[in-house]
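Please open the structure in your viewer and keep the selection panel at hand. The stops below say what to select next and what is there.

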Amino acid sequence: MEWGAEKVVDPRRLKLAVLGLGVLLAFPSEAGAAQDDLTALPFEELLLRDFVSASRLARQVSDSPAAVAIVTADDIRAYGYRTLADVINGMRGLYTTDERTYHYMGGRSFGDVEDYAGRVMLLIDGYAVQDNLFDQAYIDESGLIDLELVDRVEYVPGTGSVTYGNNALLGILNVVTRRGRDFDGARVSAEISSRGASRQRAAWGKRLESGAEVLLSASTLDVDGRNLYFPAYDTPATNFGVAEGLDGERNQRVFGKLSWSGWTVQAAWVEREKSVPTNPSAYTAFNTPFPTRDESAFLGVRHETDLGLQLYSSSSLMLGRYAYWNQREYALDEDGEYDDGEKYGVRDYHGAWWRFDQKFVGRWFVDHTLVFGAELRDDHRQSFHRRFLSPAGEVTDRDDGELSRRTFSLYVADDYRLNQQWTLNLGVRHDDADDLDGNLSPRAALIWQQDPATTWKASYSEAFKMPNANDRWTSDDTAVPEYVAATELVLQRQLAPHTRFTGSLYRYRRSDLPIENADGDEVPEGSSRARGVETEIEHVWERGARARASVAWQRSRDVYGRDAVNSPDLLGKLAFTFLLPGEALRAGLETQYLGPRLTRERRMLGGVTLSNLTLSTERDWHGLSASLSVRNLFDRDYETVSGFDWRPGDVAQDGLRMDGRSVWLQVGYAL
Amino acid sequence: MSARNLFFGLALATSQGVLAQALPEFDLKATYAYNFAVLTQWPPATRASFNFCVYGDDGVAEAMRRLQGKSVHGRSVAVARLGALTAIRDCDLLYVGRDEAPSLPHIAALLGDAPVLTVTDATQPQPVAVVIVPEGRRLAFEIDVERSRRAGLKPSAALLGLARNLRQPLN
């Protein structure tokens, strides 16, 4: 492999990895006998053979050209996950950064807070739900989906532009919602926490006699503001570094889904208000109210049908909107006055779009599955309004921008089964936005089913990210797309009937990134590299006891060849859940190691191991269920990397202290 | 315990060869469907292909794709994974996954007496011709002869001999 030749992996580690793979392969696989043509066996004989039950999810994992990771509703419950960020933190090779306003996702070459938006795609039942101003995927309480509605979350590492076009640069997070029948009635629940949070939810779902399926849900969250201490502001003039009661958060969510006879209509809405306790710029005043509001909504209509036996059609229309509002207070200047008499800054941004996608799956040719289609997306509203207000609240200045973009895309992919063992997956997508040159995103993947228990996957793909509306507006439309080329080798091996190993080696090269040239100007000519190894073992015991352990090692360099910011070399995860004696209660224990990582001031934050423990009722008792979680069980004191590389005084604010131990209690009742 | 120890512990705990004879569930079910087709007689057909359809079980559909290119009753096998019920009368054999069991009465109504051999692995009594049922670590099957007969299908004596019991038709 070319990996060794380019010394992209430390030779010592490579040897270890090769040794590890060798050991793995030395073990006989689960279904040792080669998978011959079973139709050649007499039926009498087949009837005497034992079967190994296989889950649909396992099949999906082994058929996908990538090393897919899946977290199910059972996991969400067992480990007490409350947000997508919690789910992501439990996944191999991924981590999140809480910047006290939003949570950002990191992994595989991206980690810097500013590096996040638009690089990971978030889908809800196949609908891309990032906003169309920042292209950000919301994974915290500002996100559209309450986790109670989630059947599973799939993370597909690697580029996804071949399927999804823009924004699927580094990975795809697909949230699949539950069906009405999974609720089969009404369910209410309430949650409180030592953190001062309270949440109420109500959901109703059913599969009706007619075959129609309905799911409706609403929830609210209210989190008290707390006093948070920021050492960089520890001066008498700035309240000795304490931001008082500014960390509060509230949200409301509504979700509905109706499916009948090939049609599915779904809608989701969320409004989240959060007060920002940090001080985002040198011009704003610390410890002053900084409310911010995010509102997202979408309506999706999909029709799936078969046009004859060999052609499947899926048509979907999505209407999306997003609104962002915040108000900040500026600091007094050296003369004790407000610059230009402006005391407040208000941002009021709105985005709206629609998207139509027509996809076909053709199975006309033996051994070929052909996927092809077209997508039209119209980001008809991308409006930016900034207003600057006097102390009396009068508008003193304003700055407005109105943008739009229309994108037409065509895609085709073929899954070609060469024989029982080899599958070739080739795909290409062309995206043509009216403000940019057309772009082609190719992917080639070769899958080798060495034996029934062992699958190898090698892939090469290219993806891109268009400059988002905010980039275009703030750069006067000089922002350019950025690109990534990714190479990955994956091994999935069933070591035993209930033990699965997943390993991957990857290399990403990102290009056309901003870099400072010799004249000190920022130009889009930089490129960064990342490479890494990820391994994971999953094992399932009887009665739903299961464990998952993963280790990910990565080396990520920025455009200057330095270690990348907020990109830990090492990540470790261990999750274990089992029924306690008596079988009424389930315990779920997670331990996650986040390795040392650099701040934007290039200070190294120490590695930290965090543990969470959840106890939950295994079955409803007269309709009642409960779950108790302790987050940060051992009350570890740690920092995350902040987005700040400037200092208000002598003390840096490149890290943010995170919460200690917190306790969460949820009680549910099925009506 | 480090991940490494965990891995070696698990790997060593694996008893070797115990399941050497066991087959993946999806492959086994797909092959059962193939045998049902081979061991059943259809009324004379005009279609050139013999169509296996799967609704509501992607795992079985994927496994069934391996039947493509074979021949059943002198017709070459085509396999279709259905996303809807619009084309089910074009199927010769229709496999309905457990997930779509609630649709079975609707499917039975749509098919009427059309010569389509319906197969499912759903657990509750269902209006289908053949049900695959787990029996310990093996898979057995049951045949509803009356339903097959109404559809103009004739299970061979060999098939009936292998069936666990011949189910009484549902009222």
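In what order do the strands of the open five-stranded sheet of chain A stand? The order is β2-β7-β8-β5-β6, with mixed pairing, where strands are DSSP runs of E with at least two residues and helices are runs of H or I with at least four, both numbered from the N terminus, and where two strands pair if DSSP finds at least two bridges between them. Before going further, note that this is a predicted model, in which local features need pLDDT of at least 70 and side-chain atom pairs count only at pLDDT 80 or more, while totals for chains, interfaces and linings use all residues. Residues are numbered from 1 along each chain as its sequence is written, and chains are lettered from A and ligands numbered from 1 in the order in which they are written.

**The sheet in chain A**

Select β2 (69-72) and β6 (127-128) of chain A, the edge strands of this sheet, each of which pairs on one side only.

Leaving aside residues up to four places away in sequence, Arg152(A) touches Ile70(A), Val71(A), Thr72(A), Ala73(A) and Val176(A), a contact being two C-beta atoms, placed from the backbone, within 7 Å.

**The nonpolar cores**

Next, select Met121(A), Leu123(A), Ile145(A) and Leu173(A), the residues with the most contacts inside the largest nonpolar core, which has 75 residues; such a core is a set of buried Ala, Val, Leu, Ile, Met, Phe, Trp, Tyr and Cys residues joined through C-beta atoms within 7 Å. Strand β24 (residues 482-496) of chain A gives the most to this core, with seven residues. Around Met121(A), the contacts beyond four places in sequence include Ala128(A), Ala137(A), Tyr164(A), Ile172(A) and Leu173(A). Apart from this core lies another, of 55 residues, among them Ala37(B), Phe50(B), Phe52(B) and Val54(B).

**The sheet in chain B**

Moving to chain B, display its open sheet of seven strands, ordered β4-β5-β3-β6-β7-β8-β9 with mixed pairing. At the edges stand β4 (71-72) and β9 (138-143) of chain B, each with a single partner strand, so one side of each is left without a neighbour in the sheet. Strand β8 (residues 130-135) of chain B pairs with β9(B) in the antiparallel sense over six bridges, and Val130(B) has Ile143(B) as its bridge partner in β9(B).

Finally, zoom out to each chain as a whole. Chain A has nine helices and 36 strands, its C-alpha trace spans about 95 × 65 × 55 Å along its principal axes, and buried residues make up 43% of its 671 residues. Chain B comes to six helices and ten strands, with buried residues making up 46% of its 171 residues.

Definitions and conventions
A residue is buried if 20 or more other C-beta atoms lie within 10 Å of its own, exposed if 12 or fewer, and partly exposed in between; C-beta atoms are placed from the backbone.
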